[in-house]
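Visitor: Hi, I'm new to this one. Could you walk me through it?

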Amino acid sequence: GYGGSSTTTRSSPGYSGALQNDAETHLEWQGLSGSVSSNGQDHLSMTLNAPGLKLKDEEGEMTVSSLSYSSELNQGAHELWYGTAEGSLEGMLLDVTTPQNGPFRMQLQKLRFDSEQREDGDLVDIDGKFTIDTLNVNGYTVENAIYDTGYHNLDAASLSAINRVMREAMR
C-alpha cells in the first residue's frame, strides 16, 4: 500500500519426472506455497506450506510429507526481531542401501517446533521446543522425544552485534 505495506505470495507447481542431470533419479514434488506480509516498517508475517516430495533412485528413496512454517515477528530495539514461529513436518522416510554402508532406514513421524523471542528492555529471552512423536533408525525407536530450551536475560546490544557480523559473513 501507500504506507509501505506489502504482501508477497509465492507458489511452485508440482512436478513428477526424472531429474534434469540424472535420468536414473525420479522426483515427485507436490509443490509449495507461501506468503510474506509486512507493514513496511516493523512487522512481518510469514507462512510456508509444502505438501511433500519423494526422491527415488537405484540406492533407495526419501519421502517428506507435509512441511509447514509460520511466524509473526515485530522489530524491536537494536534491530532485533521478536515474536513467535512454529513449524511441523508430518513425516519423513529415508530408506537407502549403498555398497559402502549397506542398508540404512530412518523413519520420522510428526516433528514440530515452536519458538518465542521476547524483548524486556535491554534484555532478550528466547524459548524453543522441538517434539518428535516417533523416530526409528534401523530398528531403534524413540517415542515422544522433547527438547525444550530457553535462553534468558541475553544482552540485546550484543545479540544485535553478533547478527550484524553473521550477516556480513554470509555476503
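Visitor: Is Asp125 buried or exposed?
Guide: Asp125 is buried, with a relative accessible area of 14%. Buried means under 20% relative accessible area, exposed over 50%, and partly exposed in between, with a 1.4 Å probe and protein chains only. This is a predicted model, where local features need pLDDT of at least 70, side-chain atom pairs count only at pLDDT 80 or more, and totals for chains, interfaces and linings use all residues. Residues are numbered from 1 along each chain as its sequence is written, and side-chain values use heavy atoms, with hydrogens and water left out.

Visitor: Which side chain does Asp125 meet in a salt bridge?
Guide: That's Arg118, at 4.0 Å from N to O. A salt bridge here is a side-chain nitrogen of Lys or Arg within 4 Å of a carboxyl oxygen of Asp or Glu. Shared partners join Glu116, Arg118, Asp125 and Asp127 into one network of salt bridges.

Visitor: And how far apart are the closest N and O atoms of Glu116 and Arg118?
Guide: They are 3.3 Å apart in that salt bridge. Glu116 is partly exposed at 33% relative accessible area, and Arg118 is partly exposed too, at 27%.

Visitor: Why do such side chains pair at all?
Guide: Side chains of opposite charge can pair when their charged atoms come close.

Visitor: How many salt bridges does the structure hold?
Guide: Seven. One of them is between Asp95 and Arg105, with the closest N and O atoms 2.8 Å apart. That pair links distant parts of the chain, 10 residues apart: Asp95 is in strand β7 (residues 81-98) and Arg105 in strand β8 (residues 102-120). Strands are DSSP runs of E with at least two residues, numbered from the N terminus. Asp95 is partly exposed at 28% relative accessibility, and Arg105 is partly exposed at 35%.

Visitor: New topic: what's the phi of His78?
Guide: Near 65°, a positive value in a residue other than glycine. Most residues other than glycine have a negative phi. His78 sits in the loop between β6 (60-75) and β7, and is partly exposed with a relative accessible area of 31%.

Visitor: What about Asn153, what phi does it have and where does it lie?
Guide: Asn153 isn't a glycine either, yet its phi is positive, about 60°. Asn153 lies in strand β10 (residues 140-155) and is exposed, with 52% relative accessible area.

Visitor: Which residues form a nonpolar patch on the surface?
Guide: Phe130, Tyr147 and Tyr151, with about 350 Å² of accessible area together. Patches are made of residues with over 30% relative accessible area and no salt bridge, with nonpolar side chains (Val, Leu, Ile, Met, Phe, Trp, Tyr) joined within 5 Å and like charges within 9 Å. The areas come from the Shrake-Rupley method with a 1.4 Å probe, and for residues only the protein chains shown count as cover. Tyr147 is in strand β10 and is partly exposed at 48%.

Key
Helices (H or I, at least four residues) and strands (E, at least two) are DSSP runs, numbered from the N terminus.
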